[in-house]
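The sequence and structure come first.

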Amino acid sequence: MPDGKKIRVLIAKPGLDGHDRGAKVVARALRDAGMEVIYTGLRQTPEMIAEAALQEDVDVVGLSILSGAHMTLFPRIMKLLKDKGMEGILVFAGGIIPDEDVPALKEMGIRAIYGPGTPTGDIVDFLRQNVQ
Amino acid sequence: MFDRETIEEIRSRRSAWEADTIKGNLKKSPERRDVFITTSSVPVERLYTPLDVQDWDYLRDLGFPGEYPFTRGVQATMYRGKLWTMRMFAGFGTAEETNARFKYLLGHGETGLSVAFDMPTLYGYDTDDAEAEGEFGKCGVAVSSLADMETLFDGIPVDKITTSMTINGPAAIIWAMYIAAAEKRGVPRAKLGGTIQNDILKEYIAQKEYLFPPEPSMRLVVDTFEFGSRELPLWNTISISGYHIREAGATAVQELAFTLADGLAYVQAALDRGLGIDDFAPRLSFFFNAHNDFFEEIAKYRAARRIWARETKERFGARNPRSWWLRFHTQTAGCSLTAQQPENNVVRTAIQALAAVLGGTQSLHTNSMDEALALPSETAVRIALRTQQIIAHESGVTNTIDPLAGSYFLEALTNQTEREVYDYFEKIEKLGGVIKAIERGFFQRELAESASRYQREIEARERTIVGINDYVTEEPPSIPLLRMDPEGERKQRDRLARVRAERDNEAVARTLEAVRHAAQGQENLMPHFIDAVKAYATLGEICDVLREAFGLYREPAIW
Amino acid sequence: MEVATEERLNKEGRRAGPVLAKPRYITQNQSIGAKNSSQAIISPSLAESRELADRVLAGDRRGVARLISLIEDDSPEACPALALLYPHTGRAHVVGVTGAPGTGKSTLVGQLARESRQRGLTVGIVAVDPSSPFSGGAILGDRIRMQELTGDPGVFIRSMATRGSLGGLSYATGDAIKVLDAFGKDIIYVETVGVGQDEVEIAATAHTTIVVQAPGLGDDIQAIKAGILEIADILVVNKADQEGAERTVAALQLMLELNHQPQGWQPPIIKTVAVEGKGIEALSHEISRHRDYLQVSGRASLLRQHLAEEELWNIIRKTLVARIMDKLDRAELDQLIHDIADRRLDPHTAANKLIAQILE
Amino acid sequence: MAEERASIERSKEKWQNETLEPALRRAPERQERFETSSGIPVERLYTPADVATDYTGLGFPGIYPFTRGIQPTMYRGRLWTMRQYAGYASAQESNRRYRYLLEQGQTGLSVAFDLPTQLGFDSDHPLAEGEVGKVGVAICSLEDMETLMEGIPLDKVSVSMTINATAPVLLAMYEALARKRGLPLAALSGTIQNDILKEYVARGTYIFPPKPSLRLVTDVFRHASEHLPNWNIISISGYHIREAGANAVQEVAFTLADAIAYVQAAVDAGLPVDSFAPRLSFFFSAHNNLFEEVAKFRAARRLWARIMRERFKAQDPRSWMLRFHTQTAGSTLTAQQPDNNVVRVALQALAAVLGGTQSLHTNSRDEALSLPTEESVQLALRTQQIIAHESGVTDTVDPLAGSYFVEKLTDEIEARAGEYIAKIDSLGGALAAIQVGYVQKEIQDSAYIAQKAVEDKKRIVVGVNAFTVLESQKPQLLRVEPAIREEQMGRLRALRQRRDGPAVSESLARLRQAASGNDNVMSHLVACVEAHATLGEICDVLRQVFGEHKEAVVI
């Protein structure tokens, strides 16, 4: 990584769920780890998320969802990112996601899934190690 | 805590409240019951206020933690300094299986071991004895010889952890095996820490696992006191146990009264032997039950400390503050667990454990949810241990000392418990002391009465037990249960046969003879037990010698 | 207007200080700064730069996003690409929006962008938030207020962190604006950090500067005293439905009267309720009016000259410092600092000595 | 008295010198500083010298200031309502679950709605994709409400509905259902959450800007005070504020500040305070720190009583009473070793009961993983029953009263929450404080501090940052069928075809008119739902009139 390079991360909450504590705590932790976090707020559609990721030229997209709509929304986000030529972007997810959904999510390219109780340090380390 | 004027004001406001608020309210909506009682059937008032503790003196009745009368705890910093020892009672099948469980528990954050022995061991029989038929490994681990003890503690650092052993009739012999096993590994006995239950009086009262008549049994107990005070300064030579008295149906007050009475009897016996109180009293420890009734239990522990401090200091003239300390282990109440909807037991255990902690326990065993069905599975044991850890680390109750002190209800209950304990002391005294009372069946009768009253209350649904007489569900329990190694008993018999075949039988005969000789005389038996177990004399062989020397005990029939 | 522009220049002239006062940032970028300036022409990545520039000109949004990142990261490809794009810039109207936190800048920019879209203009938005001085990281949250614009292909929003710059923008903001300009955006809104301290940099970047105030954010007069008023081409009192709005308007009016210039542009005061879209049309109208004024009065070309000079000096300062840092012997520097601190040497002599050494 | 305190102080000093100091020299304490979740220092020892010498702050249960409880006999009279929040998938599925819970001994219902319902979208709205029936039940029309409550006697079971932005619409449906069944409205008892302010702060399910939202709230107040005398018109919720990361003090302070804003809004709208204040209810979290939680509930009661009597001059003692529902803290549950959650929930539930709650939801152990299974819900309910019937803590009123520690903490929380409320007052009240992001910032700071404490292991979470295990056993989880949305869309289509279209349009037009003016919208809403206008259609009208809210950027 060159000297001036900063890791840019988009933190988004797809779907209608309004519990943003986790998303905000992660955003702050990434900020405190020296990253630039674009926080887009609640109720983001997959289209909004993909377009924001494009305009902001982020290295990473972090998705937070607690309502259980992930199996509907995540595939759409992944497809849109690919359509826009951003398949190389690192995507991770957090929230209430049952273990049995994890293989399918990884299959579609979501690199890491963090359940409740994950230390934010784990996420920071993961991003540092995996962002080229 | 309040001056006269305030007390008077509270009194008059209380009367006004009763007249203006309560009366009308009761007419509109009566209370759920006419009388509210604790689990021990002690009446509970509607409201406790400063009026209920007005004759009470803070400095006299509570004082400060780590100071007489220790109502607020025996250590100056309590759990801010060190948490209680999380000690899960474990033992089943062979020494190998139990050894694996010990390692599992230590690996999950347990901080002390607690050994359960099987029925033959508790009665002083070897696994291959005819009396042991069908009992092997059922409620604990079988230990017939030093070889079993060595296997049991294989790979466990006995110089770093403390070990508690629930053994009474043959306690001295099992203790001798532990000492011998440690010494064989190069750990000197003076470095060993732990507890043997060694409480024979409660066996006569409640648990009934006695071997010999009371007098020689008491002599064995005092032998361990004497030996321990000389050679194993870190060992608790007795754990005076209310737990089993409670499980046999006692009320909280009875549990406390009978246990403390037993404790005082041991002290007296040791003094009669000529031991100095401050030589052995600091190594006495207690073992209580944590039952359902939350505040009653907390009050019980606090009253216990106050009474014991007073008795050792005032009655026996102990000078060392440590002799005044009542240190205790707690186990949540096995008898409160239900086979129906076993997961409900996690909740019961959590609340009971909380009571123990708020009462200032020094160590704690939390029951596993499946104990009413089978021996606990690893998962069930882990949840039980996690229960303690959550209380210790997440609930915040460990951050200040004796957090409930001052509660009008709790202080009133503590005082009341104390008063009722003294009433029992008086009765026991009148009967001529504990052993006389045992022989006359006093305790047994008291327990039988309490147990049947409790049962009656449940059947009449004056008491609700969730899943038993209310909120019953159809479905059978579906939790995974522990399966023991079916080959276990054969393995144990093989090992015993090998021990008998490979040992120096001459040395066995010689050491057993020494035990017999000592038993018939006045000598302390402990050194002879250690010699015998080192020669691989078995538990059964040693006990047989004692049975011949001491005779057997038959309980008086009590109805 | 001339006077006002002159003032800007002076202010900017004084602003050389802070750049030097941030040795950490410079140190961090020294090698790259050097590369940027000296190797721009012979960069092996010229082909890449050309491709990027072509993508921007062809309207590829991903190319735009990428190039702005390279500028922010001081990557070697950035300068040649910017050089290629430069002839295509200069068409967009750049509107700066500044004001204290909580005045509603993002919402206002979002509404202005929407209004511009309704008038058929394409819109670029650059929203700047502060980097943490401790970690160097940042949380950029301005998009929240502009959510519905995200789906509009005629709008391009870019969030930026200040990355050590103190003037309310980041060092890369000016170049990011150029990229959006070359990309073909008709109007570019630039939202500053809004820490309320030192927001004048925007005036050296934008054609029209809007200063936003809101009632109830503490002492109104204090904010005005901070000098921010003097850079305003348009004053906005947002949240005008709240208690105290009239008092804020009156205070601003008073300040304007005290500062009255006999001729030229008179900054209007516009009341808005951005969350409800109220007053946006009027504000938009004032922006157009100011743009026309710049054209008609001939101020526009003057302003362009000033902005060009400003930018040139900024680059020179930045590059020079970087090169000086590059050449300095650290041990020697430490010794000098030590001497100055111990009063064995005065700082002027020391600086002159160093510069002379390097210019040789 | 003073003499006695002095003598205790002297003895304490002696104890510190002679007993404590040597002990500390031998073995220091586990931490240098102990504190509650709110940062209130926890002293080593509390004695009578730490607490007030007069008893007026405590008083007696059932009378001002209600520190010891709002009923004179508390749980000796009636136990709290055991109310498990439930709802998922279709109205039919949820109805089945409700009947199951009532059979299991639950004593009240609590309805969870899915997110589209909470946000005023019908199930066939594009934004509803993937969300229908997920976190609650989908209710789009009066028909759905009928299905939801089928076979449940509305006049006997109290029903709580967790609904906020669309609360007036759902209440209108409930009322329309009761009318249809021929029940007198006075027979209805229950609660509607209807607390929009905390949505802006913590939970995020708002639709309209704050001002029209507050107007809807007061419309409900007025309507209910005239027509639904036994309905709790709002449940002012600290729960979500706590879940968003607030500490105990903040939970009390921000909730009561919201409450003050509601009361003020209603008073400003011309409602006499005693006409609605007795029907205000509260909703708190029961978190881990046992004594802090107990103290929190007691402090909240006392504070509220004082606010209502002194600030709003309420005369009716029932206006002074803070009645509250409690839910154990969802955010404390761990996905790791889910059975450990049974223990957490038990302790938290105990705190709620020792704090004198009026109703209680105990979380299921698997809630950090997915929707709870029936077995888990049953165990959670059993937890309450064991506390109620076996622990004995329900047999005397406010058993912790007098505890030096608990009383000190109660005073401390009251004082600290009071400071926050004063600060919010100085910012212009809860609404203004929310609009400038003050409340959100405070909460997020606490959330971040709490998270850091866990990561630095200053706070232990069993199974998460200590005592972890490799887990193989996966608990059984409940999943919602994806087909739910299709079915729900089918029903909606059928309804739209069947109903009287012009009647729907007409009712919606009247609603628009009422919303644009100052008329109470409630009766118009009832007319709309009776004409089978859908939730989405109704909310679209309101959106057009009121506009939509965008969150404040606060991190």
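In this model, the side chains of B:E255 and B:K300 meet in a salt bridge, with N and O 2.6 Å apart; a salt bridge is a side-chain nitrogen of Lys or Arg within 4 Å of a carboxyl oxygen of Asp or Glu. B:E255 lies in helix α11 (residues 252–273) of chain B and B:K300 in helix α13 of chain B, so the pair ties together parts 45 residues apart in sequence. Helices are DSSP runs of H or I with at least four residues, strands are runs of E with at least two, and both are numbered from the N terminus.

The model is predicted: local features need pLDDT of at least 70, side-chain atom pairs count only at pLDDT 80 or more, and totals for chains, interfaces and linings use all residues. Residues are numbered from 1 along each chain as its sequence is written, chains are lettered from A and ligands numbered from 1 in the order in which they are written, and side-chain values use heavy atoms, leaving out hydrogens and water.

Buried means under 20% relative accessible area, exposed over 50%, and partly exposed in between (1.4 Å probe, protein chains only).

| Residue | Relative accessible area | Class |
|---|---|---|
| B:E255 | 0% | buried |
| B:K300 | 1% | buried |
| B:D494 | 35% | partly exposed |
| B:R490 | 45% | partly exposed |
| C:R117 | 26% | partly exposed |
| C:D152 | 19% | buried |

B:D494 and B:R490 form a salt bridge with closest N and O atoms 3.0 Å apart. These two residues are four apart in helix α20 (residues 488–502) of chain B, and are therefore separated by about one helical turn. In chain C, C:R117 and C:D152 form a salt bridge at 2.7 Å between the closest N and O atoms. Over all chains, the structure holds 113 salt bridges.

Among the four pairs of chains that touch, chains B and D have the most contacts, contact meaning heavy atoms within 4.5 Å. Here 86 residues of chain B are in contact with 89 residues of chain D. The rule finds six salt bridges across this interface. B:E394 and D:R344 meet through their side chains in a salt bridge (2.6 Å, N to O). By comparison, chain A and chain B do not touch, their nearest C-alpha atoms being 14 Å apart.
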